[in-house]
Amino acid sequence: MDSANVRWPDSLWAAVTPSGPELPRLIGSAEADVVVIGAGFTGLSAALCLREAGVDVAVVEAAEPGWGASGRNNGQVIPTLSRPDPEDIVARHGAAGERFVALLRDSASVLFDVARRYQIQAEQEQTGWIQPVHSPGRIRIAERRVRQWSKFGAAVELLSRDRTRQMLGSDAWYGGFWNKSGGHINPLALSRGLARAVLGRGGRIYARSPAASFERHRDRWVVRTAEGEISGRALIVATNAYTGEFTRSLAPEIAHEVVPVRSWQMATEPLAEDVRRAIIPGRQAMSDTHGELYFARYDARNRLVTGGAIINPRNPAERLKMMVSERLKRLWPQIGEVKFDYVWNGYVGMTTDFLPRIHRLGPDAYGWTGCNGRAVALSISLGDQLSKAVRGIPESDLALPFTAPAPIVGHALLRRLAPLMLMVYRRRDAREIA
């Protein structure tokens with residue numbers, strides 16, 4: 001990828017969000033107490049928390065704040081992981097897993113609190129997140145998640161089929177799981193708002209400066225770009241699915257832990273008010289139990305923001321318009337003819353077990369990857385935790401289940417084959433579960 005001339009995707013968020021701050025490139029040598037690589041949600045959240053603690057911090061960004069996944073996603077604020085439930089996390093990570101579950105539980109509310117505290121206008125709506133089930137047998141998924149999250153104190157509710165029909169305006173689902181602390185945002189507006197908050201508190205952000213490498217030199221971490229370098233006592237790597245996309249030399253052991261999967265987002269033209277009131281009338285975020293995910297939420301202009309996946313890369317946007325239009329009419333016949341004003345895509349960093357990877361990378365150096373499509377809420381909270389880690393907070397007080405980097409064997413082949421998993425998901429989706 002070329003960072004010299006940053007081209008924004010033709011997304012809804014890029015079209016409606018005020019421009020971000022003007023930022024310099026990293027040219028020559030610089031120093032900071034903490035260097036952060038990546039100006040997405042995690043990096044900006046960490047930098048903001050560090051500035052609030054009085055720590056000198058500089059962020060090095062390959063493109064512009066929010067250019068990657070943080071500014072391209074659907075904007076659903078979901079305080080869970082995609083597959084693993086609390087008991088799975090605790091079984092894997094023990095006491096650190098319990099702290100991580102608590103972090104997840106509160107992550108949506110933390111995000112909305114950050115937006116309020118820093119007066120970030122990100123079209124935020126804390127209306128909750130609904131996961132409806134697409135077959136009768138899958139109500140067990142909702143029951144399990146309500147049971148486990150209730151045990152950890154989350155504001156969740158099991159929804160009957162009738163209640164789901166009322167909340168979503170559709171007969172397509174058989175009940176579901178409602179997490180009341182979730183919701184949705186304009187993710188690019190949140191990214192740019194966080195960047196302004198960092199700058200307003202004395203932090204530095206260098207844009208259009210892809211980090212090529214980092215290394216330990218004496219007692220400092222040195223991050224090098226094509227035009228300069230910056231050293232710091234501590235380092236945070238917050239590049240997620242885009243770790244190897246600008247330069248393959250940047251942390252290949254982290255880049256090869258995840259498979260970057262292309263995720264397509266789409267926004268309809270604004271819906272008429274009577275139609276909007278008939279479809280998800282409470283304006284919750286929604287994503288269901290399909291492996292080939294069905295998902296939707298509204299933006300501030302009453303566009304239904306949804307998306308899809310596709311195997312054949314030929315003319316994908318037009319083919320997705322037809323496919324997702326038919327899906328929406330099947331789920332919500334009252335929507336009428338569907339027209340899409342925006343179609344765009346970005347990468348989601350997937351791991352083989354759908355768990356994130358959180359690492360110590362050396363003395364006073366930390367990072368994470370593996371959002372698995374659930375990083376909006378989680379990233380803000382992880383940024384705070386990573387800021388505490390580089391400030392020397394004891395590990396026992398951190399909600400960070402550390403693991404050693406473990407690159408995927410055959411990563412290049414798996415990345416090429418990943419789109420074919422859609423066929424597997426479709427077969428699984430069509431089967432009832434026992």
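**A tour of helix contacts and aromatic pairs**

Select helix 4 and helix 5 (residues 139–151): their axes come within 11 Å and cross at roughly 70°. Helix 4 is therefore roughly perpendicular to helix 5, a term for angles of 65 to 115 degrees. The axes are lines fitted to C-alpha atoms over the stretch in contact, with angles running from 0 to 180 degrees between N-to-C directions; helices are DSSP runs (H or I, at least four residues), strands likewise (E, at least two), numbered from the N terminus.

The model is predicted, with local features requiring pLDDT of at least 70 and side-chain atom pairs pLDDT 80 or more, while totals for chains, interfaces and linings use all residues. Residues are numbered from 1 along each chain as its sequence is written, and side-chain values use heavy atoms, without hydrogens and water.

Pro86, Glu87, Val101, Leu104 and Arg105 of helix 4 touch Gln148, Trp149 and Lys151 of helix 5, contact being heavy atoms within 4.5 Å. This contact comprises 4 nonpolar, 1 polar and 3 charged residues. Here Ala, Val, Leu, Ile, Met, Phe, Trp, Tyr, Cys and Pro count as nonpolar, Asp, Glu, Lys and Arg as charged, and the others, Gly among them, as polar.

Residues to show include Phe100, Leu103 and Leu104 in helix 4, and Val376, Ala377 and Leu378 in helix 11. The contact of helix 4 with helix 11 has 12 nonpolar, 3 polar and no charged residues.

Now turn to the aromatic rings, of which 8 pairs are present. Rings of Phe, Tyr and Trp (its six-membered ring) pair when their centres lie within 6.5 Å; planes under 30 degrees apart are stacked, over 60 edge-to-face and the rest tilted. Select Trp67 and Tyr242: with centres 6.0 Å apart and planes at 70°, the pair is edge-to-face. The pair ties together parts that are 175 residues apart in sequence, because Trp67 lies in the loop between strand 2 (57–60) and helix 3 (69–72) and Tyr242 in the loop between strand 11 (228–237) and helix 8 (252–255). Both residues are buried, that is, under 20% relative accessible area (1.4 Å probe, protein chains only).

Finally, show Arg72, which lies over the face of Trp67, 4.4 Å from the ring centre. A charge sits over a ring if NZ of Lys or CZ of Arg is within 6 Å of the ring centre and within 35 degrees of the ring normal.

Terms used: Buried < 20%, exposed > 50% of the residue type's maximum accessible area, 1.4 Å probe, protein only. Parallel < 35°, antiparallel > 145°, perpendicular 65-115°, else oblique.
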